[in-house]
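Dear colleague,

Please find the structure below, together with its sequence. My notes on it follow, and I would be grateful if you could read them with the model open.

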Amino acid sequence: MRSAQMKLSSQPEILETHDTEHRMADRATFGSRGGAATSSPAPFRNISDAWRILVVEGSKADRAILTEALERHGHDVDAVDSGGEALVWFETADLVLLDLDLPDLDGLEVCREIRAASDIPVITVTSRGSELDCVLALQAGADDYVIKPYGVRELMARLDAVMRRARRTRYADVGGDGGAVLEHGPLRIDSDSREVEVSGRPVPVTRKEFDLLALLASAPGQVISRESIMREVWGESWSRRTVDTHVSSLRSKLGGPEWIVTVRGVGFKLRNMR
């Protein structure tokens, strides 16, 4: 998606997310009222830490700035401006960043509906800083929350912490099988570091893309049904588009459509290298 131009100073970043104002602070800037700041390079992130993040934010300016910040930190971002759209698209993401002040639906109710359908990590964003508001967000199913205005470093640290917890939970759910390395021709999948390589070339994948690829690679040449994929990778929530989107993305990243074969009416399989 198209993002707003974001300019940074050499100081740590602060994101002022009250609709259209992005101001100079003592510690940081996202540009300023008085003039442009110099641009800084995107920080290095391990490829296993690249996630697909759904940003749900009613303010166009805040949505653009936040999208730009997340992309500069190496993440794939989809952004929507309403709770209704969030409920349509959350299944395609690894994590949802959910503003509670939405134009159509109550943000807490959106959070409850997402949590009822999926265990996807959710971080709520709110300008309401009372203890009660934070408790209500957590009770609605949020994994964490941030209060506006907030620093980008704080946000990234919270994202990392939530995703670490989600990863540990998934390892526990599958019986602690982390550490295995799957090799299939030129494809190498390390489930400990959650890194993927093709012919020695690192392939950046999101959390769900990794889980999907690892599932297919656990039985190369064997067809795995859509139902099994949804159950193993996404829990009980179901969407044909979710699987197709991730398969398409993986094919592109691995270098071609031949890596993952569609068996019409059944599911998918990783191509047999023998």
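Three strands make up an open sheet in the order β12-β14-β13, and their pairing is antiparallel. Because β12 (224–225) and β13 (260–263) stand at the edges with a single partner strand each, one side of each has no neighbour in the sheet. Helices (H or I, at least four residues) and strands (E, at least two) are DSSP runs, numbered from the N terminus, and two strands pair if DSSP finds at least two bridges between them. Between β13 and β14 (residues 267–270), which run antiparallel, there are four bridges. Within this pair, V261 is opposite K269 of β14.

Please note that this is a predicted model, in which local features need pLDDT of at least 70 and side-chain atom pairs count only at pLDDT 80 or more, while totals for chains, interfaces and linings use all residues. Residues are numbered from 1 along each chain as its sequence is written, and side-chain values use heavy atoms, with hydrogens and water left out.

By contrast, the structure holds zero aromatic pairs. Such a pair requires rings of Phe, Tyr or Trp (its six-membered ring) with centres within 6.5 Å; planes under 30 degrees apart count as stacked, over 60 as edge-to-face and the rest as tilted.

β2 runs parallel to β3 (residues 76–80), to which five bridges join it; V56 has V80 of β3 as its bridge partner. Together with helix α1 (residues 60–72), these two strands make a right-handed β-α-β unit. Right-handed here means that, with the strands pointing away from the viewer, the path from the first strand over the helix to the second runs clockwise. β2 also pairs in the parallel sense with β4 (residues 95–99), over four bridges, and V55 stands opposite L97 there.

Four bridges join β10 to β9 (residues 187–190) in an antiparallel arrangement, with D190 opposite E195. β9 and β10 form a hairpin with four residues between them, and R194 in the turn has a positive phi of about 55°. On to β11 (residues 201–203), β10 is joined by three bridges, again antiparallel; V203 is the bridge partner of V196. The hairpin of β10 and β11 has two residues between the strands, and S199 takes a positive phi near 55°.

For the chain as a whole, the secondary structure comes to eight helices and 14 strands. Buried residues account for 48% of its 274 residues. Of the contacts (heavy atoms within 4.5 Å) between residues at least 6 apart in sequence, 60% join residues at least 24 apart. The chain exposes about 13,000 Å², of which carbon and sulfur atoms supply 48%; accessible areas come from the Shrake-Rupley method with a 1.4 Å probe, and for residues only the protein chains shown count as cover.

With kind regards

Technical notes
Buried means under 20% relative accessible area, exposed over 50%, partly exposed in between (1.4 Å probe, protein chains only).
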